[in-house]
Amino acid sequence: MTGPTESDETDSGPASAAESERADPRPDGGTTESATAEKWSRSGTALSTAVGRPLLVGVVTVVVAFLTVPVIVTFVSSFAGSAAGVVPRGFVTFEHWQQVLGFGTHGVQANAIPGLAFSLAIATGGMLLNVVIGVPVAYALARYDFYARDWVNTLAILPLVPGLILGIAFVQTYPNHGRSALGLLAGYCLLKSPYMVLTVQSSFQSMELVRLEESARSLGASWPRTVLTIIIPHAKRGIVAGCIITWTLAAAEFNFTYMVASGSPDPFAIFLYRNISNATHLQSAAAVSVYFTIVVAAILVLQLLGNRGFSTAQR
Amino acid sequence: MSDVTLESLTKTYGDETAVDGIDLTIRDGEILGVVGPSGCGKTTTLRTIAGFETPTQGRVLFDEVDVTHVPPEERNVGLVFQSYALFDTMTVRENVAFGLKMQGVPKAERRERADDLLAMLDIAELADRRPTTLSGGQQQRVGLARALAIEPHVLLLDEPMTGLDAELKRRLRDEIGDLLADLEVTTLYVTHDQEEAMAMCDRIAVLSDGTLEQVGPPAEIYRRPATPFVANFIGSSTLLEGVAENGHVDLGFTELPVDAETDGAVRVAARPAAFELDEGQIAADVTDVTYLGDRTQLAATLPDDTTVTLHADGIDGYRVGDSIPLSIDEQRVHVLEAG
């Protein structure tokens with residue numbers, strides 16, 4: 001519905017512009033010029049607005065639907081009694097949620113809570129570690145032109161290797177400590193650090209880093225104070241975005257977790273995997289739902305934190 | 001407020017010399033303009049005074065105190081950038097009060113002084129807004145208020161009006177010029193716009209290639225340029241080669257009754273206004289005609305093949321290839337030593 005209406009509205013713009021040109025013709029050859037202008041503006045409108053915009057809206061709608069429908073179906077199914085066939089039946093039951101959350105009488109190997117808590121704790125640890133390490137690295141990369149800067153830049157992005165490979169490397173290199181919570185923490189931090197460095201770096205680059213710093217210092221703020229009270233707050237949005245990405249990706253990381261996790265408690269990704277292969281569909285659906293609920297809540301909280309104090313809210 | 005003195009200031013980056021032995025004093029309470037083409041060292045000079053560059057050689061003195069190695073945050077210098085560089089995470093009032101907060105001024109007094117400054121700059125009603133919601137001109141006022149709030153030894157303005165449109169620039173220029181004169185703030189005003197410098201500054205320093213070409217009041221810089229560079233950079237000039245003897249300068253095709261300090265080869269700098277149309281015996285060929293509305297700018301070739309720029313009133317129907325009779329007003333030329 002939106003596509004055609006919007007193109008109708010924008011169509012009137014160039015048409016009225018062409019009219020106003022005709023109303024004020026130049027004495028020599030003015031008519032030819034306005035005719036040309038009309039032709040040009042018509043063809044420009046036709047391509048970008050009439051076709052491009054509806055096409056883009058259509059593609060985005062299909063993609064978003066394709067990605068979100070399974071999530072919604074999973075969430076809804078977790079309250080259904082039977083999931084045989086396409087349409088789930090037997091609403092509303094909390095039986096599966098009870099089992100997954102550990103209140104059930106039978107079924108899955110264990111409840112999801114310890115694994116979930118374990119995974120979230122490690123993901124949070126990895127995220128905090130990334131803030132402490134990634135933000136200064138991003139600052140240095142954005143602010144200074146130093147020897148081997150390009151190498152540091154490359155090294156900061158290098159851990160974008162598949163978690164499986166890093167997992168094997170960990171277990172082989174540290175046979176005694178690789179399979180531990182510490183191994184998971186280090187791995188999550190390393191695996192996801194490029195996302196933190198890249199988002200924060202682009203945040204630093206999009207502000208006038210040097211000028212802001214020099215303004216603050218000329219006004220009497222020492223360098224540490226400038227960084228803490230001016231630079232970091234200006235980069236808050238990038239840091240929050242980096243936190244969201246590193247945290248969610250770490251909490252959901254399977255490959256690396258599968259290679260490195262020692263098994264007590266099972267991290268959430270492993271727990272999900274075992275349930276999907278062993279238990280009924282609906283139980284795992286409930287488990288997945290728990291995970292998505294937590295991710296959505298965390299993103300909302302982080303974004304609220306990030307938006308507070310930003311000018312866009314007041315515009 | 002105080003004098004700022006640069007003593008044989010030199011700054012090199014590797015093989016590049018950005019500033020080459022500048023001696024310059026910004027007098028207490030004056031507005032000193034620094035003009036020059038890009039890369040002439042004007043911004044490096046400003047940054048050295050602010051403390052963001054350490055000179056390779058030479059000293060920076062505030063009154064009699066050597067501040068060459070004092071860090072920026074201890075110099076009490078006000079900075080205003082072309083790009084404003086306001087703190088977007090704070091309100092306008094918090095921006096202005098930031099320097100006072102760093103000085104440990106109590107909150108109530110900070111607020112009062114910030115509001116006073118905002119009122120002085122005619123933007124009191126913007127105190128609770130965020131900088132990102134303001135127009136360019138408003139942001140520049142906030143930047144100026146923020147820099148003035150700390151009552152700086154010296155105010156450094158780095159092309160503060162370059163991003164603004166012509167009309168606003170003119171208005172802000174007059175207003176800020178008056179304000180700075182009233183407050184008697186020692187000011188260094190870096191700009192590439194010589195008209196702006198002429199209008200606002202008590203004195204102008206012309207830099208070229210890291211060296212100081214001339215420093216003096218605007219009228220002196222314009223009327224008596226010390227070097228061919230200044231003659232060309234400040235307003236346009238035509239440089240004519242000639243020989244001086246006995247109170248005359250012989251240009252080959254004509255003689256001017258002007259005095260040179262020494263006899264021998266000289267250069268004569270002539271402003272467009274020095275060439276008068278209609279009455280002279282010098283025959284020049286028009287090579288270019290540019291209609292500018294209230295006047296027409298002509299380029300013409302003199303008998304010695306020098307191209308001169310001159311102005312004619314309105315549209316007088318000049319065409320390329322015309323031969324026009326010129327004379328040179330000897331009151332409006334300035335003799336330079338041969339370079």
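Visitor: What is the handedness of the crossing of α4(B) and α5(B)?

Guide: In this predicted model, the crossing of α4(B) and α5(B) is right-handed. The near helix is turned clockwise from the far one by less than a right angle, and a crossing of that kind is called right-handed.

Visitor: Why are α4(B) and α5(B) called roughly parallel to each other?

Guide: The axes of helix α4 (residues 136-149) of chain B and helix α5 (residues 166-183) of chain B cross at roughly 15° and come within 12 Å. Angles under 35 degrees count as roughly parallel, and α4(B) and α5(B) are therefore roughly parallel to each other.

Visitor: Which residues in α4(B) and α5(B) meet?

Guide: On the side of α4(B), the residues are B:Gly137, B:Gln140, B:Arg141, B:Leu144 and B:Leu148. They meet B:Leu168, B:Leu172, B:Glu175, B:Ile176, B:Leu179, B:Leu180 and B:Leu183 in α5(B). By class, the residues of this contact divide into eight nonpolar, two polar and two charged.

Visitor: What makes β6 and β10 of chain B edge strands?

Guide: The open sheet of six strands in chain B has the order β6-β7-β8-β3-β9-β10, with mixed pairing. Strands β6 (77-81) and β10 (211-216) each pair on one side only, and they are the edge strands. From one strand to the next, the twist averages 15°.

Visitor: How do you know that β6(B) and β7(B) pair, and in which sense?

Guide: Two strands pair if at least two bridges are found between them. Five bridges link β6(B) to strand β7 (residues 154-158) of chain B, in the parallel sense. Within this pairing, B:Gly78 stands opposite B:Leu155, and B:Val80 stands opposite B:Leu157.

Visitor: Why is β6(B) described as largely enclosed by the rest of the structure?

Guide: A residue counts as buried under 20% relative accessible area. Five of the five residues of β6(B) are buried, so the strand is largely enclosed by the rest of the structure. Both of its faces are covered: B:Val77, B:Leu79 and B:Phe81 are buried on one side, and B:Gly78 and B:Val80 on the other.

Visitor: What is the pairing in the open sheet of five strands in chain B, and which are its edge strands?

Guide: The order of this sheet is β13-β12-β11-β14-β19, and the pairing is antiparallel. Its edge strands are β13 (255-256) and β19 (333-337) of chain B, each of which pairs on one side only.

Visitor: How do you know that β11(B) and β14(B) pair?

Guide: The criterion is at least two bridges, and seven join strand β11 (residues 238-245) of chain B to strand β14 (residues 264-270) of chain B. These two strands run antiparallel. The bridge partner of B:Thr238 in β14(B) is B:Ala270.

Visitor: Why is A:Glu213 called buried?

Guide: The relative accessible area of A:Glu213 is 2%. Buried means under 20%, so A:Glu213 is buried. The residue lies in helix α8 (residues 209-218) of chain A. Leaving aside its neighbours within four places in sequence, A:Glu213 is in contact with A:Tyr139, A:Arg143, A:Trp223, A:Thr226 and A:Ile231.

Visitor: How many helices and strands does chain B have, and what share of its residues count as buried?

Guide: Chain B has eight helices and 19 strands. Of its 339 residues, 53% count as buried.

Notes. Residues numbered from 1 in each chain as written. Chains lettered and ligands numbered in written order. Predicted model: local features only at pLDDT ≥ 70, side-chain atom pairs only at ≥ 80, totals over all residues. Heavy atoms only, no water. Axes fitted to C-alpha atoms, helices over the stretch in contact; angles between N-to-C directions. Helix = DSSP H or I, 4+ residues; strand = E, 2+ residues; numbered from the N terminus. Parallel < 35°, antiparallel > 145°, perpendicular 65-115°, else oblique. Contact = heavy atoms within 4.5 Å. Nonpolar A, V, L, I, M, F, W, Y, C, P; charged D, E, K, R; others polar. Buried < 20%, exposed > 50% of the residue type's maximum accessible area, 1.4 Å probe, protein only.
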